[in-house]
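Reader: I am new to reading protein models. Can we go through this one step by step?

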Amino acid sequence: MRHILSILVENEAGALSRVAGLFSARGYNIESLTVAPTEDATMSRMTIVTTGSDEIVEQITKQLNKLVDVVKVVDLSEGRHIERELMLVKVRAAGKDREEMKRTADIFRGRIIDVTDKSYTIELTGTTDKLDAFLEALDKGAILETVRTGVSGIGRGEWVLKA
Amino acid sequence: MELKLPPLAETGETLTGAEIAIRCLQEEGVEFVFGYPGGAVLFIYDALFKQKKVKHILVRHEQGALHAADGYARATGRPGVALVTSGPGVTNAVTGIATAYMDSIPMVVITGQVPTRAIGEDAFQECDTVGITRPCVKHNFLVKDVNELAITIKKAFHIATTGRPGPVLVDIPKDVSQQSARFHYPEKIHLRSYSPVVKGHGGQIKKAMQLLLEAKRPMIYVGGGAILGEASHEVTELVRLLDFPCTNTLMGLGAFPASDKRFVGMLGMHGTVEANMAMQNCDVLLAVGARFDDRVIGNPAHFAAGNASRKIVHIDVDPSSISKRVRVDVPIVGHVKDVLAELLALLKAGKDKPDAAALASWWSQIAAWRAKDCLKYDRTSNIIKPQFVIEKLWEVTKGDAYVTSDVGQHQMWAAQFYRFEKPRRWINSGGLGTMGVGLPYAMGVKLAFPKAEVACVTGESSVQMCIQELSTCKQYHLPVKVVNLNNRYMGMVRQWQEFFHGNRYSESYMDALPDFVKLAEAYGHVGMRVEKPGDVEGALREAFALKDRLVFLDIITDQTENVFPMVPGGKGISELILSEDL
């Protein structure tokens, strides 16, 4: 089962390696990990996408809570939530393919944010699934470079994750 | 981290970082610091030199410092403190830190670091201390600002000693120990990201009581958490009130007195038949400060499937210990002492009593398992049996010594045959299984309790891993008694090779052993060799009569003796091998 964990951590040197180290030391999976400061500069928020049985995810949550730098952990996948990922793709866009590439980007509501006479750089935001679908829609040979942020998530409704 | 700092007016005098570090230790009431100086901690050693409150114990290897501080903590319940230099000082200390971490021992480790400007430049004696120790500490800090030093050390003691205890490391760069700051040591501290649960859930405690009262085949399983949580009194009262069988884990020995008829012995890989069978076949299990680890319940699938209707109540201060290897029906997170006190109050207030008839029949089943006499050994042998030595040690010390051990067969025999009556008397490395801890553990214990008898039960392989500490024992007049069960083999390795590797004793025989008697004498101690069963008791009495001398008893034991019962790795705990099976 795929789970999305949202974690508030103290904005301290080493907090990220404590979390990442926990996953590797105990053999848990990380599919993606994002981290950045929050509106409160003393805290960072991480989103970790992991997979495992309910027992394993329960252990992951408990072990994360044990870390002294971790302020709060929630499993977003337990409730209604929104997730987004940002991807930048550099694609070959020359000759007759140039127009087709722009159309495909438009269909996926991507934005072309850099252009040369042979390439486009496309910015695309959405669920992991949507980004995967976009890449599949492209001719493999046309993809020059991709970079993805990994998933960020937030709960739906008025509930907020606070210290 | 959010801190409630007092107004500036309350802050005190200006001190150097080194002085602040030592003042913090004084404020914490630290008696002993176990350590070894070096370049990065020179200012701290200078500050130590200028005061008398905190006594420094100079070891011969940093590993010994950590183990000694750890032994002190295990025996007293107070945090052990160690001080080592950067680089190799730290890497030598890592084994000791990991040992304490695995057994949840409260410790504060202060390490020197190269100056902040040199960090990351591969400076002389530099290592990434917080990186190297991160997986084996409860928490660690690198202090880059001298103004943060006192509060960081306060945090370190707070984190080390609350919740599930553990070692906390504070890394102090040399320039930080040299710079000055106003000293203020806060009395209390609040960390928003750290607030261990203390009080157990009332509803869960009621559920637990209900289950215990309905039990037909109950069992109480007590681990090291009961000792760390000072809950031995409550455990004992509960077991006696309910008249239920009780087992202690290796780390829990002494939490419930071994002389009580309700004690069924230690359980686990080398547990008794009665303890393991009762654990496997009970219908209600109360686990107190224990973690169902692999050496205790063996194969978790076998444990669960073998008795699917068994209900488990688990009290532990660490939520992550609950339902980690075994699914639990009634989890109770909280201090074991407080939770048990609440449970006892509920039981005493209510009218219900356990089912006497069911209990009687359960006890008769346990008696049948007990009748197997699974710890029997050949008492007629004219070669010294290691079990016999431990029995004699128990007799000679009237069962009241502090016993430290190393790791291996001798450790298991000490656990099985020295019948511990009180908590904190049995000092050993259960989780990490660190050979070499025994002698430094004994040093820490003897410093804490100079008048108590302290015996280090060891083997000729283990003791050599920290043998240099005999020198520390001489310097500080620590007259511990070393009981070396010398079978010329790494006994537990040899036993596994005999059972599971076709008698191929690959590298488990140790040739060219030192003459331990002469070695002890070379360090300024008394050495004795014992070769006949008839001489064991006399030698032990003579050793303990030499009150002010360290005596190293080199006892030549049976090379072929094995530890029984034994649950082979990966098997269920009811799948025991007994001595008679072979």
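Author: Start with a term: a residue counts as buried when its relative accessible area is under 20%. Keep in mind that this is a predicted model.

Reader: Is Cys246(B) buried or exposed?
Author: The cut-off for buried is under 20% relative accessible area. Cys246(B) has 0%. Therefore Cys246(B) is buried.

Reader: How far is the sulfur of Cys246(B) from the closest cysteine sulfur?
Author: A disulfide needs two cysteine sulfur atoms within 2.5 Å. The closest cysteine sulfur to that of Cys246(B) belongs to Cys282(B). That is too far for a bond, the distance being 12 Å.

Reader: How many disulfides are there over all chains?
Author: A disulfide is a covalent bond between the sulfur atoms of two cysteines. Over all chains, the count of disulfides is 0. Cys127(B) is in no disulfide, and its nearest cysteine sulfur, in Cys136(B), is 12 Å away. Cys127(B) is buried, at 12% relative accessible area. Disulfides over all chains: 0.

Reader: What span does helix α3 of chain B reach from its first C-alpha to its last?
Author: Helix α3(B) covers residues 62-76, which is 15 residues. At 1.5 Å a residue, 21 Å is expected. The helix comes close to that, reaching 21 Å.

Reader: How many residues of α3(B) are buried? And which residue just after α3(B) takes a positive phi?
Author: The helix is mostly covered, with 15 of its 15 residues buried. Just after it, the phi is positive, about 85°. The residue there is Gly77(B).

Reader: At what angle do α8(B) and α14(B) cross?
Author: Two packed helices are described by the angle between their axes and the distance between the axes. Helix α8(B) spans residues 202-214 and α14(B) spans 336-349. Their axes come within 10 Å and cross at roughly 60°.

Reader: Which residues of α14(B) make the contact with α8(B)?
Author: From α8(B), the contact includes Ile205(B), Met209(B) and Leu212(B). From α14(B) come Val339(B), Glu342(B), Leu343(B), Leu346(B) and Leu347(B).

Reader: What is the handedness of the crossing of α16(B) and α17(B)?
Author: The axes come within 9 Å and cross at roughly 45°. The two helices are therefore oblique to each other. Among the residues that meet are Trp394(B) in α16(B) and Trp413(B) in α17(B). The crossing is right-handed.

Reader: Where is Asn382(B) found?
Author: Asn382(B) is exposed, with a relative accessible area of 67%. Asn382(B) lies in the loop between α15 and α16 of chain B.

Note on methods
Residues are numbered from 1 along each chain as its sequence is written. Chains are lettered from A and ligands numbered from 1 in the order in which they are written. This is a predicted model: local features need pLDDT of at least 70, side-chain atom pairs count only at pLDDT 80 or more; totals for chains, interfaces and linings use all residues. Side-chain values use heavy atoms; hydrogens and water are left out. Buried means under 20% relative accessible area, exposed over 50%, partly exposed in between (1.4 Å probe, protein chains only). Helices (H or I, at least four residues) and strands (E, at least two) are DSSP runs, numbered from the N terminus. The expected span of a helix is 1.5 Å times one less than its number of residues. Axes are lines fitted to C-alpha atoms, for helices over the stretch in contact, and angles run from 0 to 180 degrees between N-to-C directions. Angles under 35 degrees count as roughly parallel, over 145 as roughly antiparallel, 65 to 115 as roughly perpendicular and the rest as oblique. A crossing is left-handed if the near helix is turned anticlockwise from the far one by less than a right angle, and right-handed if clockwise. Contact means heavy atoms within 4.5 Å.
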